[in-house]
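This briefing is intended for a reader who wishes to examine the structure alongside a written account. Please keep the sequence and the model at hand while reading.

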Amino acid sequence: MKHLLPLFCLLACIGCGQNNRNDHAEVKNLIYLIGDGMGLAQMAMLEIESDYAPTAFTEAEHVSLITTRSANNRVTDSAAAGTALACGAKTNNSTLGMAPDSVILYSMMEHARDKGMATGLVVSCYLQHATPAAFYAHVWKRHMTEQITDDLVASNFDVMIGGGSRWLTEAHRTALTEKGYTLAFTREDALAATSAPLLAMVEEEYLPKAPERGEFIPQATAKALELLSKDEDGFMLMVEGSQIDGAGHGNNAAHLLAEMQDFEKVIRLAVDFANTHPGTLVVVVADHETGGLSMPSGKSDFTLSESGIDYRFGTGSHSAIRVPAYLYGTGSDRFEALMDNTELANRIMEIMKLKE
Ligand SMILES: [Zn+2]
């Protein structure tokens, strides 16, 4: 009789493994939300200014703290960090989709495209800017915008919405039209599109700041989800909270809050989509923190009653602190508590079977 107990345990353990809801569940869709310059302090600011009411961030099922250094600098720029988050490899600051030795690095979105999945980018900067370009461009320097635009046109991604028409030549437009793209140059035309492929460049360079641009980024996210989710092979969508970074560089707390509030609406849409579409993984992360934001008590004697909170910036540049990754939906339990930005990207590719 005494031999039965270990056997029973063994069988019970096998049963447990099979019952874990995420263990073997297929991740079909990825919604990758990158807050450029969004560190933990930026997220805390949103919480404090929302009076601690639940936000879309509060929905996170798992959290990971991410290291961000680049191959040649402990303080990364958006190009190297974007490359790490898109391709799962370190490169030097300023370089996009290419290793320090010039070997081309392919992004998870290029792998997804090659696998037949639908692919999309939505940003409030220009589409050739560092974070979105990390998903399709392969250039030595991030400011090689003409060459990046060539790579954008060659990417064949299904939905691209942002700014950047200044660099879109007649030859680019002809090539895209021949490939069947709908081209949109106003926000109205972008939101009126009914099928992919779609390239919407609604400004010459950057879109206006939040809140001047209204609800456009959440609306464009909803449009991208509508168009991409028609593909039965699944999709990968990256939406960037692009101008959180600019607010940090400008040490502008009011603008920063407006950008965080806008980005929170995008996260809400992603969470709602994941709730109604099983097999969807939502990853909310930052490429780095911008501004060295801190929030000390308004008065040095904080032992009394509330005396306000100061938003103080330590730099007009980026900082080296870890950034949080918020994980939601199918596969969200397959990340470690502490990861490097390259490990995060490689884990996503592993979960989605995008890389051998
Ligand atoms: Zn950045």
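The points below are grouped by topic.

The model is predicted. It contains a zinc ion whose coordinating residues are Asp36, Ser78, Asp287 and His288. The structure holds 12 salt bridges, and 6 aromatic pairs are counted. The largest pocket has a volume of about 180 Å³.

**Zinc site**

- Along the chain, the donors of the zinc ion follow the spacing D-x41-S-x208-D-H.
- Ser78 belongs to helix α3 (residues 78–87) and His288 to strand β8 (residues 280–290), so this pair ties together parts that are 210 residues apart in sequence.
- Ser78 and His288 are both buried.

**Largest pocket**

- The volume of the largest pocket is about 180 Å³; of the 14 residues that line this pocket, the closest to its centre are Tyr206, Gln243, Asp245, Gly246 and Ala247.
- Helix α10 (residues 244–249) supplies the largest share of the lining, with 3 residues.
- Sorted by class, the lining of the largest pocket has 8 polar, 4 charged and 2 nonpolar residues.

**Aromatic pairs**

- The count of aromatic pairs comes to 6. In one of them, the ring centres of Phe57 and Tyr326 are 5.2 Å apart and the planes stand at 75°, so the pair is edge-to-face.
- Phe57 lies in the loop between α2 (40–49) and β2 (62–67), while Tyr326 is in strand β12 (residues 323–329), so their contact ties together parts that are 269 residues apart in sequence.
- Phe57 counts as buried because its relative accessibility is 3%, and Tyr326 is also buried, with a relative accessible area of 8%.
- The rings of Tyr126 and Trp167 have their centres 4.8 Å apart and their planes at 40°, so this pair is tilted.
- Tyr126 is part of strand β3 (residues 118–126), and Trp167 sits in the loop between β4 (159–163) and α7 (170–178), so the pair ties together parts that are 41 residues apart in sequence.
- Both Tyr126 and Trp167 are buried.
- Tyr126 and Trp167 form one aromatic cluster with Tyr206, and Tyr206 is also among the lining residues closest to the centre of the largest pocket.

**Salt bridges**

- The total is 12 salt bridges. In one of these, Asp340 is paired with Lys90, and the closest N and O atoms are 3.0 Å apart.
- This pair links distant parts of the chain, with Asp340 in strand β13 (residues 338–340) and Lys90 in the loop between α3 and α4 (108–114), 250 residues apart.
- Asp340 has a relative accessible area of 11%, so this residue is buried.
- A salt bridge also joins Asp262 and Arg213, with the closest N and O atoms 3.0 Å apart.
- Asp262 lies in helix α11 (residues 253–276) and Arg213 in the loop between β6 (198–201) and α9 (216–228), so the contact ties together parts that are 49 residues apart in sequence.
- Asp262 and Arg213 are both buried.
- Glu215 and Lys265 form a salt bridge through their side chains, at 2.9 Å from N to O.
- That pair links distant parts of the chain: Glu215 is in the loop between β6 and α9, and Lys265 is in helix α11, 50 residues apart.
- Glu215 counts as partly exposed at 38% relative accessibility, and Lys265 is partly exposed with a relative accessible area of 35%.
- A network of salt bridges links Arg213, Glu259 and Asp262.

**Backbone features**

- Ala196 and Pro197 are joined by a cis peptide bond, with omega about 0°; Pro197 is found in the loop between α8 (187–192) and β6.
- The peptide bond from Ala210 to Pro211 is likewise cis, with omega near 0°, and Pro211 lies in the loop between β6 and α9.
- Tyr52, a residue other than glycine, has a positive phi near 65°. Tyr52 lies in the loop between α2 and β2 and counts as exposed at 57% relative accessibility.
- Ser102, also a residue other than glycine, has a positive phi near 75°. Ser102 lies in the loop between α3 and α4 and is partly exposed, with a relative accessible area of 41%.

Methods. Residues numbered from 1 in each chain as written. Predicted model: local features only at pLDDT ≥ 70, side-chain atom pairs only at ≥ 80, totals over all residues. Heavy atoms only, no water. 1 Å grid on protein atoms, 1.4 Å probe; cavity = no way out; pocket = protein on both sides within 12 Å on 5 of 7 lines; lining within 4 Å. Points joined across faces, edges and corners; volume = space filled by probe spheres on them. Helix = DSSP H or I, 4+ residues; strand = E, 2+ residues; numbered from the N terminus. Nonpolar A, V, L, I, M, F, W, Y, C, P; charged D, E, K, R; others polar. Phe/Tyr/Trp six-rings, centres within 6.5 Å; stacked < 30°, edge-to-face > 60°. Buried < 20%, exposed > 50% of the residue type's maximum accessible area, 1.4 Å probe, protein only. Donors = N, O, S within 2.8 Å, 3.2 Å for Na, K, Ca; no water. Salt bridge = Lys/Arg side-chain N within 4 Å of Asp/Glu carboxyl O.
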